[in-house]
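Please look at the sequence and the structure shown here; the report that follows is about contacts inside one chain and between two chains.

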Amino acid sequence: MSENIYKPYLMEIEQIVEETPDVRTFRLKFKNTAEAEKFSFKAGQFGEYSVLGEGESTFCVASPPTRNGYIECTFRKAGRVTKGLANLEVGDTVGFRGPYGNTFPIEEWEGKNLLYIAGGIALPPMRCVIWNTIDLREKYKDITIVYGARSVSDLVYKHELKDWAERPDIKLITTVDPGGQTPDWKGEVGFVPMVLEKAAPSSENAIAILCGPPVMIKFTMPVLKKLGFLDKDIYTTLENRMKCGFGKCGRCNVGKVFVCKDGPVFSYEQILALPEEY
Amino acid sequence: MNNLIARAKELLENKIVQVIVGYEAGPTGVARPAFITNPAKADLLIYDERCVQNLAVYLTKPEVRNLGKMAIVATLPVMRSIMMLISEQQIFADNIIVLGVSSDGSLLDIADIKVMQAYIEKSDLGNPVKDRALLVELNKLSKEERFAYWQKELSKCIKCYACRQACPLCYCTRCTVEVNQPQWIPVQSNTHGNMEWHILRAMHLAGRCISCGECGRACPVGIPCHLLTMQLADEVHNYFKVYAGTSEKMSSVLSTFEPNDKESFII
Amino acid sequence: MSDFEPKVVAFVCNWCTYAGADLTGTSRIKYASNVKIIRFPCTGRIDFMLLLKAFANGADGIIVSGCHPNDCHYTSGNFHAKRRWIMFKELMDFMGVDMNRITFSWVSAAEGAKWADVVNTTVTRLREMGPYVSYRDLVNKSVEEEVKNE
Amino acid sequence: METSRKLIRKQSLEKLYNQLSATRKVYAPVIADDKQVEFKYNPGFAEVTFEHIRSTLSVKNIAFPKVENLFLYSNGKTESTITDIDLNKIPEVVLWGSHPCDNAAFDALRSIFEWDIKDEFFSKRMEKLVVIGLSCHLSDAYCFCTSVGLAPNSSKGSDILLSPLHNGDYQADILTEKGASIVNSFSELFESTSGEEVVLTTVKQKFDHEKVTSKLNGAFEHPFWVENSLRCIGCGACAYVCPTCACFDIQDETRGKNGKRYRSWDSCGFSMFTLHTSGHNPRNVQSARWRQRIMHKFSYMPDRNQSLGCVGCGRCSSGCPVDMNIAEQLEALQNI
């Protein structure tokens, strides 16, 4: 009999990092080693994480495929499933189905400058590709990361932000919204689009990867255009509600395009061709 | 009907309202809701015995509201729904014009809410005659027979929520069944879960149901779910001597009380 | 069915009946141990869905109890509850759910003896009625419906 | 397989039914107490109706049940296990007397469930299904099979298609191996055909579906959607009675330690269908949801699944509480 496509892998929580009061990162390890060996994924893909008894929720894999043996997910406590997840402890079981969806075309980006722009809880879906390209550092030229959050306490991956800031081969700009700073905050204060405009990274031979709340995207796009980025060189991910993850349940489509099959990674050029249904 | 069309035209032409919510005939001959914004199209309006749907459901619908000020063709149940919606502060009396129609199809002159209230008060406010008969039949059955009857009926329910969507008083933007913390009602359709849903619906309409029967009419599989709310409408009248939708000031039976409410089962 | 012990769930308010039940205990009045008490801030807070869930999860009977009228800690919670129970009882009756399995009562904090009496009468009645098979069948049958064509 | 044509007399048909019904599950239409037509398992032959236009619900539940367990689980604090559903336990079912539109709908469902990765739950049920279809000699104003490339006697989706003759006998078209194996097991009941004309209803063509599909391509922003969906009240009746609607929800239900993950029918017409946790809703108004329904069936599915998502059974329109008549709307759409 062939596989039950709705059956999740059983994963054990190996480590929990409390990123902010309501955001957590789980490191998950396959319970079954045979499944672990067969499993592979690429940057940008997502999965259905489940708490048995609560249901499933869709997040991107937050760890890079260059780190074997585990996957990580970062989620904000918001609905029934994420609350269920937040109640779990190290050693507990989480279900995982995936990977689904397309990937960031990182091979095409080789030899280019990369500009990552993320806002708030949108860093996790980008963390996978960021680490992926950092782990293959010699293949890419400059890597710039612009990350903003509402306040200092809302910044996720604080330990990694520190590492990135210390690395000479990465340019990291962190910012918090006005009023969100603490007395010892050393980063920028201001909204992502303004900070980006001030930093003015060059668009020459560069790719921009953008992820964040709609309002941030709305105001960041004109800045990227001003800097000279072409639509086809800007990438983002769409996050629509989904249940199955493989084009059957009928929720995530934007016009003819299934976010779960044709996405979640889209170039801005592709997004512009979509009907406004996302 | 001609009076209705003339009045509709006049309201649209003089820009007193932007839309008339009334009935038109569909291609298969059934009457259905129509939204007339162009006075030239007012001739499409009909009013006859086919026009049974409670149009008041559209008063709270965002896309219909966006059309602007409306006039609504209103039978007695529609008027009572309007009263309920005003009393529950979902709509403002000033924003709608009521094109009242009596049971024989003639246009009533409902100048304002006072007139409407007077008209409602002198009408028969009990359940519709044919439903009364059904209720009497059901109440004659034994408890076990009634339990079996409702199990059989509710096993047909497919949880399409047409009963809820068709009801002018089920206007919540997020229904209890759509809350999943806790999940009161199972998402799937099975007899037990369906029964819980219909109990919940009837309880949430207790003292608010204006006996239009729209829920039962909307049901695609023919469950007489309107009898549940109608039975409660009867009981509300028995116990508390009120009919829903008779005054703009009335508050819902279950959100008020009288210290001397009578019952006989609490020990 | 002589050895049948009914499972009874009691939904009670914090201020009167719960305190009343406490008094029953401290007064060393014995009463049937079939009852599992669930404490609420007020009878006005007892949702009818909870009663249905109790039946669905295997209760044979239910007691709902709170402060006497005019004694509500929140002034009017029990008056609201009363109206709700009237409607609920009538609806349940109409749908054929056995209302003899639900006891509604007012038990004040001073009525320890009344609480024992309410529980004992209810349990005795339920012993005679036997387990609530028809509701349980409904639930079990519904679980099977899902796999109908297997 | 080469198809063949036989004749089956009325008495033989009854024998065929009774013999099938004695040995396996037969899902056949009956007229219920409330005059609604519903499909039941193994009703007596006398109960089975041959005179229905359409059943209230479609027969899709035989391949795509309204609730279907995906797996069972037991959830301990540290030890969790998942138990698969044994799909081999799905019994063989004979679908009897379903009309050509409903039978063609299985192909549309297949185009969704077997698109990209294969859904075993659906496929297994289809594997165990034998369809003995019945051509239509009755129709009503809601029927529009001829507008979506079908006809009252389309054989698509049937294993055997029965068509009524004037004298009460039936012509039997044997269309697949599955059909042939039934005919072979009961060969004594089938005779060679005398070439008599079958009695069929005529269904007027209301629109050209290819024209609709091409029109829809640029119609996403058209004011048509708002104008024509104002009366839609946003219930799920159309989707639930539809033989081809396949959208579903996945939910968990636990009792104590044990539970099940199941899928159940869902509808794109519900306001919460696409709601994000954040509160953002890509299809936040009813017109967008109505557009999705029509677009999915007549534009997205032909494009992505190489199948039309509509078989013209007319259930959505006859079951709609507010007369959202899909054929009327498609007719209008081909001329926008």
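The centres of domain 1 of chain B and domain 2 of chain B, taken over C-alpha atoms, are separated by 25 Å. Domain 1 of chain B covers residues 2–121 and domain 2 of chain B covers residues 129–255, the bounds coming from an automatic or database domain assignment. This is a predicted model, in which local features need pLDDT of at least 70 and side-chain atom pairs count only at pLDDT 80 or more, while totals for chains, interfaces and linings use all residues. Residues are numbered from 1 along each chain as its sequence is written, and chains are lettered from A and ligands numbered from 1 in the order in which they are written.

Contact here is defined by C-beta atoms, placed from the backbone, that lie within 7 Å. On that basis, 21 residues of domain 1 of chain B are in contact with 19 residues of domain 2 of chain B. On the domain 1 side, α3 (76–87) and α4 (113–121) of chain B are the elements that give two or more residues, and α3(B) supplies the largest share, eight residues. Helices (H or I, at least four residues) and strands (E, at least two) are DSSP runs, numbered from the N terminus.

Between chains, 34 residues of chain C are in contact with 32 residues of chain B. On the side of chain C that touches chain B, α2 (48–56), α3 (77–95), β4 (102–106) and α5 (133–145) of chain C each supply at least two residues, with α3(C) giving the most, 13 residues.

The table gives the two sides by residue class.

| Domain 1 of chain B, touching domain 2 of chain B | twelve residues | seven residues | two residues |

Key
Contact = placed C-beta atoms within 7 Å. Nonpolar A, V, L, I, M, F, W, Y, C, P; charged D, E, K, R; others polar.
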